[in-house]
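Biologist: Can you put the model up? I have some questions about it.
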Amino acid sequence: MTIGNSVTSIGEYAFRECNKLTSVVFEDTEGWQVSWYSSFSNYTSLASADLADASTAATYLKSTYCNYDWRKVEISG
């Protein structure tokens with residue numbers, strides 16, 4: 001599965017029942033955050049290197065952070 005550049009959010013539990021999901025490619029791995037709260041008042045930034053690994057990205061989506069809201073933020077350089 002590929003998460004395209006135009007994707008800026010992923011809802012909680014979007015991939016929870018995808019046990020056969022083993023590989024996810026993020027076209028852009030920078031700027032992803034996860035949070036228990038839809039307001040993102042408290043969030044965790046995901047490492048680009050972790051999302052660049054297709055197996056790790058799949059695990060994050062289907063189990064590690066499956067019950068979190070995901071959002072992509074612009075990284076200013």
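**Two loops and a sheet**

Biologist: Where does F40 lie?
Modeller: F40 is in the loop between strand 4 and strand 5. Strands (E, at least two residues) and helices (H or I, at least four) are DSSP runs, numbered from the N terminus.

Biologist: Buried or exposed?
Modeller: F40 counts as buried, because its relative accessibility is 9%. Buried means under 20% relative accessible area, exposed over 50%, and partly exposed in between, with a 1.4 Å probe and protein chains only.

Biologist: What about phi of F40?
Modeller: Phi of F40 is near 60°, a positive value in a residue other than glycine. Most residues other than glycine have a negative phi.

Biologist: Which loop holds Y13, and what is its phi?
Modeller: Y13 sits in the loop between strand 2 and strand 3 (25–26). At 39% relative accessibility, Y13 counts as partly exposed.

Biologist: Before going on, what are the ground rules?
Modeller: This is a predicted model: local features need pLDDT of at least 70, side-chain atom pairs count only at pLDDT 80 or more, and totals for chains, interfaces and linings use all residues. Residues are numbered from 1 along each chain as its sequence is written, and side-chain values use heavy atoms, with hydrogens and water left out.

Biologist: Fine. What pattern does the protein follow along the sequence?
Modeller: The pattern is β-β-β-β-β-α-α-β, with two helices and six strands.

Biologist: And what is the strand order in the sheet?
Modeller: It is an open sheet of four strands in the order 2-6-4-5, with antiparallel pairing. Strand 2 (9–10) and strand 5 (44–45) are at the edges with a single partner strand each, so one side of each has no neighbour in the sheet. Two strands pair if DSSP finds at least two bridges between them.

Biologist: How many bridges join strand 4 to strand 5?
Modeller: Two bridges join strand 4 (residues 32–35) to strand 5. In strand 5, S45 is the bridge partner of Q33.

Biologist: What percentage of residues count as buried?
Modeller: Of the 77 residues, 34%.
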